[in-house]
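Please consult the sequence and the structure shown below while reading.

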Amino acid sequence: MNMITLKMKQAKKNQEQGEISTKRLSIRDKLLIKEVQEMEENMPSTCEVIFNDPSCLHQFTLIVMPDTGFWQGGRFRFTVSVPDDYNIVPPKVVCNTKLYHPNITEVGEVCLSLLRQSSYDSMGWAPTRKLKDVIWGLNSLFTDLLNFDDPLNVEAAEHYAKDKESFKIKVREFVQLHAKR
């Protein structure tokens, strides 16, 4: 009899946990309805968002097309995935376009303090941040948030420090090969 009671308690607990995750999911989805609308209304002119499935707001593609700087003329694709426990945790972002950049690795890891759960500065993720902040931050990695002092791709940052002209040439080659519009 004790074993049956234990199994019933476990089943009830599992059901309650399922309901909690469903509630969390619906909270995220409710947030996303508002945030996606706000994001689209405040989109930088150099960005485009594509929803492969319009009913799936938690997964989309961002295309950044810089109109100035080293990466000008390129078309860079990012996958943005919003986790179930958003807005407590930041979205996950991967760059799908191969590029030569001090803050993005060749395998697509992105270094942007806004996307860090805990950051040394006050610029890390906070529940008050929104998707539009992420879009603007990714867009700014190609301009004013470009950071050679805190690189994820150390080779690119060192290359820039040693020979800016050679760095620029290598960036242009990557744009031509992988990111041409």
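With which residues is phenylalanine 78 in contact, leaving aside its neighbours within four places in sequence?

## Surroundings of phenylalanine 78

The model discussed here is predicted. In it, phenylalanine 78 is in contact with Phe60, Thr61, Leu62, Val64, Val93, Val94, Cys95, Asn96, Ile104, Val110, Leu138 and Phe142, once its neighbours within four places in sequence are left aside.

## Overall architecture

The protein chain contains four helices and four strands, which follow the pattern α-β-β-β-β-α-α-α along the sequence. Of its 181 residues, 40% count as buried. Among the contacts with a separation of 6 or more, 56% join residues 24 or more positions apart.

## The nonpolar core

The largest nonpolar core comprises 42 residues. Those with the most contacts inside this core are Leu62, Trp71, Phe78, Val110, Leu138 and Phe142. At least two residues of the core are supplied by each of helix 1 (2-41), strand 1 (47-50), strand 2 (59-64), strand 3 (76-81), strand 4 (92-95), helix 2, helix 3 and helix 4.

## Helix 2

Helix 2 spans residues 131-140 and is mostly covered, with seven of its 10 residues buried. The buried residues are Leu131, Val134, Ile135, Gly137, Leu138, Asn139 and Ser140. Of these, Leu138 is also one of the residues with the most contacts inside the largest nonpolar core, and Leu138 is among the contacts of phenylalanine 78.

## Helix 3 and its two faces

In helix 3 (residues 154-162), the buried residues are Ala156, Ala157, His159 and Tyr160. Seen down the helix axis, these buried residues fall within an arc of 160 degrees, so they line one face of helix 3. An α-helix has 3.6 residues a turn, so residues three or four places apart point the same way.

The face turned away from the buried side of helix 3 carries the exposed residues Ala161 and Lys162. The cover over the buried residues of helix 3 includes helix 4 (164-178).

## Packing of helix 3 against helix 4

Two packed helices are described by the angle between their axes and the distance between the axes. The axes of helix 3 and helix 4 come within 5 Å and cross at roughly 135 degrees. That angle makes helix 3 oblique to helix 4.

On the helix 3 side, Glu155, Ala156, His159, Tyr160 and Lys162 take part in the contact, meeting Lys164, Ser166, Phe167 and Lys170 of helix 4. The residues of this contact divide into three nonpolar, two polar and four charged. Ala156, His159 and Tyr160, which meet helix 4, are among the buried residues of helix 3, whereas Lys162, also part of the contact, is exposed.

Technical notes
Residues numbered from 1 in each chain as written. Predicted model: local features only at pLDDT ≥ 70, side-chain atom pairs only at ≥ 80, totals over all residues. Heavy atoms only, no water. Buried < 20%, exposed > 50% of the residue type's maximum accessible area, 1.4 Å probe, protein only. Arc of directions from axis to C-beta. Contact = heavy atoms within 4.5 Å. Core = buried A, V, L, I, M, F, W, Y, C linked by side-chain atoms within 4.5 Å. Axes fitted to C-alpha atoms, helices over the stretch in contact; angles between N-to-C directions. Parallel < 35°, antiparallel > 145°, perpendicular 65-115°, else oblique. Nonpolar A, V, L, I, M, F, W, Y, C, P; charged D, E, K, R; others polar.
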